[in-house]
Amino acid sequence: LPRLYSGMQPSADSLHAGNYIGAILQWKKLQSSHDALFSVVDMHAITVPQDPTELREKTRRTAAQYIAAGIDPASSTLYVQSHVPAHAELAWVLNTITGFGEAGRMTQFKDKSQKQGADATSVGLLAYPVLMAADILLYKADVVPVGDDQKQHVELTRDLAMRFNSRFGDTFVLPRPVIQKETARIYDLQSPGSKMSKSTDSTAGVVWLLDEPGVTAKKIMRAVTDNDGVVRFDRESKPGVSNLLTIFSVLSGRSIETLENEYAGRGYGDFKKDLATVVVDEFEPVRARTLELLDDPAELDRLLAINADRASEIAEQTLATVYERIGFLRKV
Ligand code: TYM
């Protein structure tokens, strides 16, 4: 089976609709036809300040949401990044073949560091995509299903793999990003010009997987639309409605065209009410199952430990080859 790798940061109490639709739905679809690994990337999360107690809890919550959403920890390898030290070790090696300018040109780094200012920006944030490359290359992943915002990082990963291979001999597999065009970017319901994000100031436009059903419905009913009252997909002039159509279509399995026809001449009220039902029907079982899993953290931790051992076995082999190729003296 081709190998698949993906991950998410445990940087919020809940995943949001963008993570779910842009990433998890693809993971679910691909896991049975791939040898799949999914990580909770706590080492990435600390590239911006995190509260230690909260980070631990968010890491468990993120893992629980993967499982609740349908990632099977018996057949897929679902683990916590920091449980496998090889990630940090390979990242160090890759740091030494990454250009300072090359890392500085990553758009996500540029955005975040501009917002924070140079002194508040950690070297870890600069090296973040290199750590992501280490995640992917350790497992020789063929495919990496992600949302649009991670595409550049997967391209850097390919560049680093090629560079290492040509300098030290064929070692890494070149991974391919898998991006579902229609759902690669889900937008904030209050500002449909920006992507839905874990780190926005106001979460009025962010639909959390773990929101209470009533809260979810309210957020959808209050979503920003426009004044012409026509349910029609047009990203340019109707970004709000188009975003809602995307979400409706992917969660209901009905095409955008079908939905446009169904709501023709009916305004936005019915459309939003039905969308709220569709979203709540999809998210509520995931929320309930997540809370159940979190009731038994010891069992969850046990599952994560077993899965980390599985991941380690692969990762250690790759790291040993890398150390050999670059000329580290082997400890006898
Ligand atoms: P993260 O935690 O920001 O996001 C997790 C996944 O969700 C996707 N995503 C979205 N998709 C559609 N619309 C949105 N509004 C939206 N917001 C987020 C992201 O593209 C991502 O697929 N660096 C990564 C985590 C990572 C990783 C990896 C991924 C670390 N190592 C190795 C793949 C392979 C990140 O911060 O994702």
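Colleague: How many aromatic pairs does the structure hold?
Modeller: Rings of Phe, Tyr and Trp (its six-membered ring) pair if their centres lie within 6.5 Å; planes under 30 degrees apart count as stacked, over 60 as edge-to-face and the rest as tilted. This structure holds eleven such pairs. One of them joins Y79 and Y139, tilted at 55° between the planes and 6.1 Å centre to centre. Y79 is in strand β3 (residues 77–80) and Y139 in the loop between α7 and β4 (143–145), 60 residues apart, so the pair links distant parts of the chain. Strands (E, at least two residues) and helices (H or I, at least four) are DSSP runs, numbered from the N terminus.Do keep in mind that this is a predicted model: local features need pLDDT of at least 70, side-chain atom pairs count only at pLDDT 80 or more, and totals for chains, interfaces and linings use all residues. Residues are numbered from 1 along each chain as its sequence is written, and side-chain values use heavy atoms, leaving out hydrogens and water.

Colleague: What polar atoms of D135 and D149 lie by the ligand?
Modeller: A polar contact is a pair of N or O atoms within 3.5 Å. In D135, a polar side-chain atom lies 2.6 Å from a ligand nitrogen.

Terms used:
Polar contact = N/O pair within 3.5 Å; in protein donor to acceptor, adjacent residues only side chain to side chain.
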